[in-house]
Amino acid sequence: MTESTLRSIPTTGAITGVLEALAFFRDPTFAKRRFDRFGNVFETSMLGQRMVFIQGSKAIADLLSNPESTEGWWPESVQQLLGSHSLANRNGEAHKARRRVIAQLFSSSALQRYSAGIINLVDELGLELKNAKTPLPLAERMRSFAFSVIATTVLGMEGNDRDSLFYDFEIWTRALFSIPIALPGTSFKKALKARKRLLEKLQGVLAQPVNGKGGLDLLAGGLDEAGIPLTDEDLREQLLLLLFAGYETTASALSCLMRELLLNPAVEAWLREEIDHLDWPPIPEDATTAYDIANAPKLDALVNEVMRLTPPVGGFFRRTKQALVIDDIVVPKNRVVQVALAASNGHGISDLEIFRPQRHLESKCSLNLFPFGGGERVCLGKSLAELEIRLMVVGLLRKLHLVVINDQDLSLRQLPSPFPRDGLLVRVQA
Ligand code: HEM
C-alpha cells in the first residue's frame, strides 16, 4: 500500500454525539445508512466518544490482524457491570493469563464432561413441549436452557441457588447497554445492586463447588500473569463474565434459529432429510463430534446462516493505541472501533437479504463471517455454544414437529441480542 492510496477517515460531523446515540438505540438501520453514505469505514461521535464503525471482511481482517495497535474496549456501563478484574476489561499479559485459566473450562475433555448434562436439558424441554396443554414461549425456554448450561453444567449450581442467580442476572442484563448513572430507581442502579448479590453467590460457588458437578475443579491450577493463583475476587468476576458472554448470546442464536425454521417450512424439510438419519441421543463421549460439519453439513450451514443474518453479538469493539490502516483508511490513535457485524454480513453481493442456508454449501460461497470475533479476543465459549446449538436442534427435531402460533409479534428486538418480541409461542403438532 503506497501512502498516496491511503485516505483520511470520512466523518458524520457529529460533535456531542447525543443525537447519534439516540439514533443508534432507536434505529436498527443506523450503521447501514451511514455505511451506504460514507463507505466501509466512517467516524462519528457517541456521547462525546469518537467512534469508528467498520464493515466488510477486509476491514475486519485489517483490524484483527493488528493486535499490537489495539486493545479491548467495552462501553462504560458494561465495564462497570463486569468489574475491573474481568478479562474483558484487561489487556496484554493480564488478559492472556486470565484467558488461559478460563479456557480450561472449554477444553474438549471439559465439553465431553458437560455433554450428558446438556442432552438431559434438551430431553427435559422436549418432554415439557410435548406435554404442554397451552402454547409455550420457545424463546423464553431457550433462555432458561442456555442459562442452565452455564449455571448448572459448567458452574455446578443447583435448585434455589440457580433460580435466584437467574432472577438477579436478568436485572443485571437489562442495564448492560444503559446510561451508566446510578440514580435511585434507574435500571443501572438496580443492576449494580444485582451485581453485588451475584458476586456473593458466585463466591459461594467457588467456596463450595458441588462435588463431581460442573467444571470448576478444572480451574484448580489457574495462575495469573505472575504465576500466582487468581484470587477468589478475581475468579468470581471471570465467572460473571461467562454468564454474560454465554447466556444471552446462545439463547439468541437458538431462538433466532428456531424462528427461521418455523417461518421457513421448506428449509425445515430440507434439514430434516439430514436430521432424520442422525441418532438421538448421541453417546455422550461422541456428542462433540456427532453433529459436526462432517456428519451434519446442512445443520452446519443452517447455523452459519443464522449467525450471518442475526448475529447474536451485533458488534464488538477495540480501541486504537496508535494510528492503524483499515481498508485503506487511516484510523487515528485513541479511537473506539466498532465492528458492525450485523451490517457487514448483509453487505456485498445480492440475495444476502434472504435466509438461505444452502448458500454455505455452494462452492462459490466466499462469505467470511466473524460471529465469534477473532484474534486474541476470539470467543472463549465458541465450542460450547456450537455444541449446545447442535444438540438442541437435533434433539428437538428428532422428537417433535413444532408449529408457530398465529397472532403474535414475530419481529426481533435487537439489543442486547436479537430476540422474537412475543417470545416465539409454539405448540406441538399432533
Ligand atoms: C452463539 C453464541 C456466542 C456468540 C455469537 C459469541 C460471540 C462472541 C464475540 C463476538 C465475542 C467478542 C470477540 C472479540 O472481541 O473479538 C465474544 C467474546 C467472549 N465470549 Fe462469546 N459468544 C457466544 C457464546 C459464548 C459462550 C457460551 C461463552 C462461555 C460460556 C462465551 C464466552 C466468551 C468470553 C469469555 C469472551 C471474551 C473473550 C476475551 O475478551 O478475550 N461466549 N463472544
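Guide: Two strands pair if DSSP finds at least two bridges between them. Helices (H or I, at least four residues) and strands (E, at least two) are DSSP runs, numbered from the N terminus. This is a predicted model, in which local features need pLDDT of at least 70 and side-chain atom pairs count only at pLDDT 80 or more, while totals for chains, interfaces and linings use all residues. Residues are numbered from 1 along each chain as its sequence is written.

Visitor: How many bridges join E5 to E13?

Guide: Two bridges join E5 to strand E13 (residues 425-428), and the two strands run antiparallel. Leu136 stands opposite Val426 in E13.

Visitor: What is the order of the sheet that holds them?

Guide: The order is E5-E13-E10, an open sheet of three strands with antiparallel pairing. Its edge strands are E5 (136-137) and E10 (402-404), each of which pairs on one side only. E10 and E13 pair in the antiparallel sense over three bridges, and Leu402 stands opposite Val428 in E13.

Visitor: And the sheet of five strands, in what order does it run?

Guide: That open sheet has the order E2-E3-E9-E6-E4, and its pairing is mixed. Strand E2 (41-46) and strand E4 (70-72) stand at the edges with a single partner strand each, so one side of each is left without a neighbour in the sheet. Neighbouring strands of this sheet are turned by 35 degrees against each other on average, direction ignored.

Visitor: Are E3 and E9 parallel or antiparallel?

Guide: Strand E3 (residues 49-54) and strand E9 (residues 336-340) run parallel and are joined by four bridges. Val52 stands opposite Val337 in E9.

Visitor: Let us turn to the helices. At what angle do H10 and H13 pack?

Guide: Helix H10 (residues 232-263) and helix H13 (residues 297-309) pack at an angle of about 110 degrees, with their axes 10 Å apart. Axes are lines fitted to C-alpha atoms, for helices over the stretch in contact, and angles run from 0 to 180 degrees between N-to-C directions. This makes H10 roughly perpendicular to H13. Angles under 35 degrees count as roughly parallel, over 145 as roughly antiparallel, 65 to 115 as roughly perpendicular and the rest as oblique.

Visitor: Which residues make that contact?

Guide: H10 contributes Ala253, Cys256, Leu257 and Glu260, and H13 contributes Leu302, Val303, Val306 and Met307. Two residues are in contact if their C-beta atoms, placed from the backbone, lie within 7 Å. The residues of the contact of H10 with H13 divide into seven nonpolar, no polar and one charged. Ala, Val, Leu, Ile, Met, Phe, Trp, Tyr, Cys and Pro count as nonpolar, Asp, Glu, Lys and Arg as charged, and the others, Gly among them, as polar.

Visitor: How does H10 pass H15?

Guide: H10 passes H15 in a right-handed crossing. A crossing is left-handed if the near helix is turned anticlockwise from the far one by less than a right angle, and right-handed if clockwise. H10 and helix H15 (residues 382-399) pack at an angle of about 35 degrees, with their axes 10 Å apart. Among the residues in contact are Gly246 and Thr249 of H10 and Leu384 and Ala385 of H15. By class, this contact has eight nonpolar, three polar and one charged residues.

Visitor: What about H6 and H15, at what angle do they cross?

Guide: The axes of helix H6 (residues 108-131) and H15 come within 9 Å and cross at roughly 35 degrees. H6 also passes H15 in a right-handed crossing. The residues of the contact of H6 with H15 divide into nine nonpolar, three polar and three charged.

Visitor: Now the ligand. Which residues come nearest?

Guide: Ala245, Gly246, Gly373, Cys379 and Gly381 come nearest, of the 26 residues around the ligand. A residue is near a molecule or strand if its C-beta atom, placed from the backbone, lies within 6 Å of it.

Visitor: Which helix gives the most to that shell?

Guide: H10 gives the most to the shell around the ligand, with seven residues. H10 and H15 each supply at least two residues of it. By class, the shell has 17 nonpolar, seven polar and two charged residues.

Visitor: One last topic: where is Pro281 found?

Guide: Pro281 is found in the loop between helix H11 (265-275) and helix H12 (287-290). A cis peptide bond joins Trp280 and Pro281, with omega about -10 degrees.
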